[in-house]
Amino acid sequence: MKINEAEELLGISKANIRFYEKEGLLTPRRGENRYRDYSEEDLDRLREIVILRKLGISVQDIKRLLDGELMLGDAITLTTLYYTWPQIILMATGIIAAAA
């Protein structure tokens, strides 16, 4: 799947997708024409990143989560240092509303 299709399917910008790539959160395959080709695994990874970002988890902590250096509970605990629980609940509510 090309980046335009991924952008439309996931509702995130190409700039965000490229940023997550640059940060090492995903590495899509490149075709012979050098265009990115996003697999279902890449799309699942992007969905996961979007949810974690909506929960207020930093990109650095998401990288650590994906690399197995940090557990989700610890990432959420770190997030509470920056956000109050009501803010986190509001962010999570946005995720639930979007999924409905």
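**Salt bridges in a predicted model**

D67 is partly exposed, with 44% of relative accessible area, and in this predicted model the residue takes part in a salt bridge with K63, where the closest N and O atoms lie 3.0 Å apart. K63 is likewise described as partly exposed, at a relative accessibility of 30%. Side chains of opposite charge can pair when their charged atoms come close. The pair of D67 and K63 counts as a salt bridge because its N to O distance of 3.0 Å falls within the 4 Å cut-off.

One of the others joins R29 to D37, whose side chains meet with 2.7 Å from N to O. Here R29 is exposed, with a relative accessible area of 52%, whereas D37 counts as partly exposed at 21%.

R30 is partly exposed at 34% relative accessibility, while E21 is buried at 17%. E21 is called buried because its 17% is under the 20% limit that the term requires. E21 and R30 also belong, together with R36, to a network in which salt bridges link the three residues.

Definitions and conventions:
Residues numbered from 1 in each chain as written. Predicted model: local features only at pLDDT ≥ 70, side-chain atom pairs only at ≥ 80, totals over all residues. Heavy atoms only, no water. Buried < 20%, exposed > 50% of the residue type's maximum accessible area, 1.4 Å probe, protein only.
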